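Welcome! Take a moment to look over the chain below, and then we can walk through some of its features together.

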Amino acid sequence: MDLKALLQRFDGRSRLLLHSLHSGAAGASNAQNVFNKQRRSDPDFTLNPFLKTLCKQEACVHEDAHVLKPLVCLFSEGFKRKLLCFLHLLHPGLPKDHVLHLLQCLTQDDVENQWTCVLIKQLQRDIEGTRKGTLLTSDGTGKLKSLCERLRNTNAKGKWAYCFEDLEAEDKETNMPVLSQKKRKSDNMDHDGDDQEDHQSKRVKMDFCPSEEEERLTEEEEPKIRTSQLQQSVAAVSQARSDVLGSSTNLPDHMKAAVPVIKELLDTESAWDESSVSALKVFHECDPNEVEVLCSMLCLSEATEQSLPQFCSCLLELSPDLSHSTASAVITHLLLPKILSLAEPASRCLVTAVMSLCTRYPRPTCQALIEPVLRKGQTGMKSAQAEVLCRLVVDCLEPHHRLLVFRTILGVSWDEEVLSVIHALLDSELELSEEDFSIFTDQLCSQSPHFSKSMKFAKMLLSVLTKYQSHVNPACHHALSSCLSFNETFLKKSLQAALKRISL
C-alpha cells in the first residue's frame with residue numbers, strides 16, 4: 001500500500017503529523033512543533049485518535065497471502081524510527097495504555113532493524129519505569145563482551161585500534177559474499193544510505209539506561225578504561241603545553257618577562273601592590289592571539305581560589321578597562337574551568353572573584369562564562385553551578401544583559417537547575433518584547449510534558465502568570481493553557497485560577 005492510501009485512513013490533524021514525520025531527518029522534532037501548535041489552537045486536542053488509527057488492523061498481502069496487520073506496520077522503517085522518537089519526546093503527557101498498545105503492534109511485525117528494536121525497548125522502559133532486560137541484541141552482547149576482553153590489553157601496540165581491528169575483520173568477512181554480488185553503483189548507494197541512517201540516528205536524543213547485565217560488564221573494566229583515558233588526557237595536556245611553549249617564542253620579550261612575575265604572585269598568594277598592577281598592564285598590549293598564549297603560559301586555569309580575589313582586584317584597577325576580547329579570554333581561562341568543575345557550593349573566594357569581574361565586564365562574562373556553563377549543562381547542570389549563575393543574573397547584571405542570558409536559555413536544553421536560573425531571571429522582571437515572550441511560551445509548551453511533576457516548573461509558570469500578565473495575547477493564552485493541561489502538581493488549580501484572571 002502506498003503512502004497516499006495510508007494517509008487516507010487518518011483525519012486531517014493526524015495527516016499533518018504524518019507529513020511532518022516524513023519531513024527528513026528532523027521529522028520527530030517537526031512533528032512535536034506541529035503538535036504544540038495544534039494544542040495551542042485547541043487545548044483539548046489529544047493524540048488518542050492518531051494512536052488508535054495506527055493500531056487498527058489493515059488487510060495486506062504478505063508472502064502471497066492476505067493477512068491483517070496493524071496499520072503502523074505498513075509504514076517504512078524510517079517512519080517507524082521517527083514515530084518512536086516523537087513518542088519519546090511526548091510520552092510523559094500521553095496515555096500509557098495507548099502508547100503501550102502501539103508498541104505491542106510494532107512488535108507483532110518482524111522488526112529486523114536493530115535501531116528500531118532498541119527504540120521500542122527504551123520507550124517501554126521509560127513508560128513502565130523499569131530496567132528489565134537488555135537493549136542489546138545477542139550479537140551486540142557478544143561483541144560488547146569481546147570488546148571488554150580486548151580492553152584488558154589496551155597497552156598493546158596500536159592501543160584502541162587493536163581493540164577494534166578483529167571486529168572490523170569479522171564484519172568484512174560477514175559482508176564479503178553479499179558485497180561481491182552487488183554492482184559498484186548499488187554498493188555506493190547502500191553506503192550512502194547507511195551514512196544517512198547513522199547521521200539521523202545520531203541526531204536522536206535518547207537517554208539509554210543500561211541494564212544490570214550491561215552494568216556488570218562495564219564495572220569490571222571501568223578501572224582499566226579510566227587508566228587508559230587518564231593516560232590519553234595526560235598526553236593531550238602535554239601536547240597542548242608543548243604547543244603553548246612553541247607559540248610563546250612569538251611573544252615580545254617584555255611580555256615574556258612579565259610571565260614569571262605574575263606567576264610568582266599567583267603561586268605565593270602574597271600581597272599585591274602597585275608593582276603587581278603594573279605587571280598586569282601587559283594585557284593591554286596583547287592582540288587576541290597573544291592573550292591566549294599569555295593566559296596559557298600563566299596557567300590561569302590552575303590558579304588557586306585563594307589567589308583569585310587579589311588577582312581580580314588588581315585587574316579591576318587597570319586603566320583603561322580591558323578590551324572585550326581580552327576580558328573574555330581571561331574569564332575563560334581563569335574562571336570557566338572552576339565553575340564547570342564545581343561539585344559543591346562555590347567558595348567565598350571564587351564567588352567574590354566571579355561577581356567582581358561580572359560587575360565590571362558583564363557582556364564578556366555572559367559570553368565567556370554564563371553561556372558556556374548553560375550549554376555544557378545540557379549534559380546535566382549541577383546545583384552549585386546554578387547557584388552561581390543565579391547570583392550573577394540577580395546581583396551583577398543590568399536588565400539588557402539579563403535579557404541576553406534569557407535569550408541564550410531559550411536555545412539550550414532544560415533541566416531542574418536551568419529552571420532555577422530561568423525563575424531567577426523572571427523574578428527580576430525582565431523587559432520582554434512581544435517576540436521574546438512568544439518564543440518563551442512556545443518553549444514552555446514543548447517542555448511542559450517533561451516537567452509535568454516538577455514543582456520548579458510549576459512555580460516558574462506561576463511567576464509567568466502573575467508577573468507577565470500584560471504580555472499574554474490570545475495565542476500565548478492558548479499556549480499557556482496547553483502547558484497547564486500537562487501539570488500534575490498540587491499547584492495546578494492555582495495556575496488555572498491565575499490564567500483565568502488574565503483578561504484578553
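## What buried means here

A residue counts as buried when its relative accessible area is under 20%, as exposed when that area is over 50%, and as partly exposed in between. Valine 293 has 15% relative accessibility, so this residue counts as buried. Valine 293 sits in helix α14, which covers residues 288-298. Leucine 251 is 42 residues from valine 293 in sequence, and the two C-alpha atoms are 8.3 Å apart in space.

## The overall picture

Please keep in mind that this is a predicted model. The protein has 26 helices and 2 strands. Of its 504 residues, 43% are buried.

The structure holds 8 salt bridges. One of them pairs lysine 80 with glutamate 77, with 3.5 Å between the closest N and O atoms. Both residues belong to helix α5 (residues 77-90), where they are 3 residues apart, about one turn of the helix.

Is lysine 80 buried or exposed? Lysine 80 is buried, because its relative accessible area of 4% falls under the 20% cut-off. Glutamate 77, at 26% relative accessibility, counts as partly exposed.

## Salt bridges between helices

Another salt bridge joins aspartate 436 to arginine 407, and here the closest N and O atoms are 3.0 Å apart. This pair links distant parts of the chain: aspartate 436 is in helix α23 (residues 434-447), arginine 407 is in helix α21 (residues 399-409), and 29 residues separate them. Aspartate 436 is buried, with a relative accessible area of 6%, whereas arginine 407 is partly exposed at 44%.

Aspartate 427 and lysine 467 form a further salt bridge, with their closest N and O atoms 3.0 Å apart. Aspartate 427 lies in helix α22 (residues 416-427) and lysine 467 in helix α24 (residues 455-467), so this bridge ties together parts that are 40 residues apart in sequence. Aspartate 427 counts as partly exposed at 38% relative accessibility, and lysine 467 counts as partly exposed at 40%.

## How α22 meets α24

Two packed helices are described by the angle between their axes and the distance between the axes. For α22 and α24, the axes come within 9 Å and cross at roughly 20°. Angles under 35 degrees count as roughly parallel, and therefore α22 and α24 are roughly parallel to each other. α22 passes α24 in a left-handed crossing.

Which residues make this contact? On the α22 side they are Glu416, Glu417, Leu419, Ser420, Ile422, His423, Leu426 and Asp427, while α24 brings Lys456, Phe457, Lys459, Met460, Ser463, Val464 and Lys467. Sorted by class, the contact of α22 with α24 has 6 nonpolar, 3 polar and 6 charged residues. The salt-bridge partners aspartate 427 and lysine 467 are among the residues of this contact.

The axes of α23 and α24 come within 13 Å and cross at roughly 150°. That angle makes α23 roughly antiparallel to α24, because angles over 145 degrees count that way. The crossing of α23 past α24 is left-handed. Here Phe437, Phe440, Leu444 and Gln447 of α23 meet Phe457, Met460, Leu461 and Val464 of α24. By class, the contact of α23 with α24 has 7 nonpolar residues, 1 polar residue and no charged residues.

Helix α26 (residues 492-500) also packs with α24: their axes come within 9 Å and cross at roughly 15°. These two helices are therefore roughly parallel to each other, and the crossing of α24 and α26 is left-handed. Ala458, Leu461, Leu462 and Leu465 in α24 meet Ser494, Leu495, Ala498 and Leu499 in α26. By class, the contact of α24 with α26 has 7 nonpolar residues, 1 polar residue and no charged residues.

Terms used
Residues are numbered from 1 along each chain as its sequence is written. This is a predicted model: local features need pLDDT of at least 70, side-chain atom pairs count only at pLDDT 80 or more; totals for chains, interfaces and linings use all residues. Side-chain values use heavy atoms; hydrogens and water are left out. A salt bridge is a side-chain nitrogen of Lys or Arg within 4 Å of a carboxyl oxygen of Asp or Glu. Helices (H or I, at least four residues) and strands (E, at least two) are DSSP runs, numbered from the N terminus. Buried means under 20% relative accessible area, exposed over 50%, partly exposed in between (1.4 Å probe, protein chains only). Axes are lines fitted to C-alpha atoms, for helices over the stretch in contact, and angles run from 0 to 180 degrees between N-to-C directions. Angles under 35 degrees count as roughly parallel, over 145 as roughly antiparallel, 65 to 115 as roughly perpendicular and the rest as oblique. A crossing is left-handed if the near helix is turned anticlockwise from the far one by less than a right angle, and right-handed if clockwise. Contact means heavy atoms within 4.5 Å. Ala, Val, Leu, Ile, Met, Phe, Trp, Tyr, Cys and Pro count as nonpolar, Asp, Glu, Lys and Arg as charged, and the others, Gly among them, as polar.
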